[in-house]
Amino acid sequence: MDEARANKATCFTGSYYGMNVCFGGRDSVLRARGGTTWGNTFYSASKSDPRLQPLAFRNLMAHEGVHYRQWEMYGPDFMSLYLTAQANESYPILQGFGREGCYNRFEREANLRGYNVYGCSIR
Ligand SMILES: [Zn+2]
């Protein structure tokens with residue numbers, strides 16, 4: 001959350017699976033695509049308060065809450081495990097299709113247990 005505050009983001013906590021949520025401020029790699037969960041903080045890509053779209057936000061947080069549990073399970077190794085999965089499981093299949101979130105094992109789990117943010121066919 002310090003990184004977000006340094007980028008002038010607004011952060012809040014609430015009943016979002018125990019996570020912090022940050023939005024707005026300067027662009028950051030963590031805010032690419034829909035946003036990124038890093039540890040216990042979700043960095044939303046939204047420029048405005050994501051709570052203004054409550055249904056979409058609740059669904060997104062159900063998905064991101066699974067990523068938070070993955071962080072808890074794997075600890076600091078999680079990001080390298082995630083990126084390795086992304087490289088091995090997504091890239092060869094999906095070059096050019098932009099639906100990598102359907103194949104990475106960590107995204108598949110979040111789609112299945114949380115919310116299917118990418119509209120993937122669930123397997
Ligand atoms: Zn995800």
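A: Start with the terms. A nonpolar core is a set of buried Ala, Val, Leu, Ile, Met, Phe, Trp, Tyr and Cys residues joined through C-beta atoms within 7 Å. A residue is buried if 20 or more other C-beta atoms lie within 10 Å of its own, exposed if 12 or fewer, and partly exposed in between, with C-beta atoms placed from the backbone. The model is predicted: local features need pLDDT of at least 70, side-chain atom pairs count only at pLDDT 80 or more, and totals for chains, interfaces and linings use all residues. Residues are numbered from 1 along each chain as its sequence is written.

The largest nonpolar core has 13 residues, and Met19, Val21 and Cys22 touch the most other members. Strand 2 (20-23), strand 4 (41-44) and helix 2 (54-74) each give two or more residues to this core. Helices (H or I, at least four residues) and strands (E, at least two) are DSSP runs, numbered from the N terminus. Helix 2 gives the most, with four residues.

Look at Cys22. Leaving out residues up to four places away in sequence, Cys22 touches Met1, Ala4, Ala9, Thr10, Cys11, Thr41, Tyr43 and Ser44. Such a contact needs C-beta atoms, placed from the backbone, within 7 Å.

Now Val21. Phe12 stands opposite Val21 in strand 2. Strand 1 (residues 10-13) pairs with strand 2 in the antiparallel sense, over four bridges. Pairing needs at least two bridges found by DSSP. The two strands form a hairpin with six residues between them.

Last, helix 2. Its buried residues include Leu60, Met61, Val66, Tyr68 and Trp71. Just after helix 2, Gly75 takes a positive phi of about 65°.

Methods: Two residues are in contact if their C-beta atoms, placed from the backbone, lie within 7 Å.
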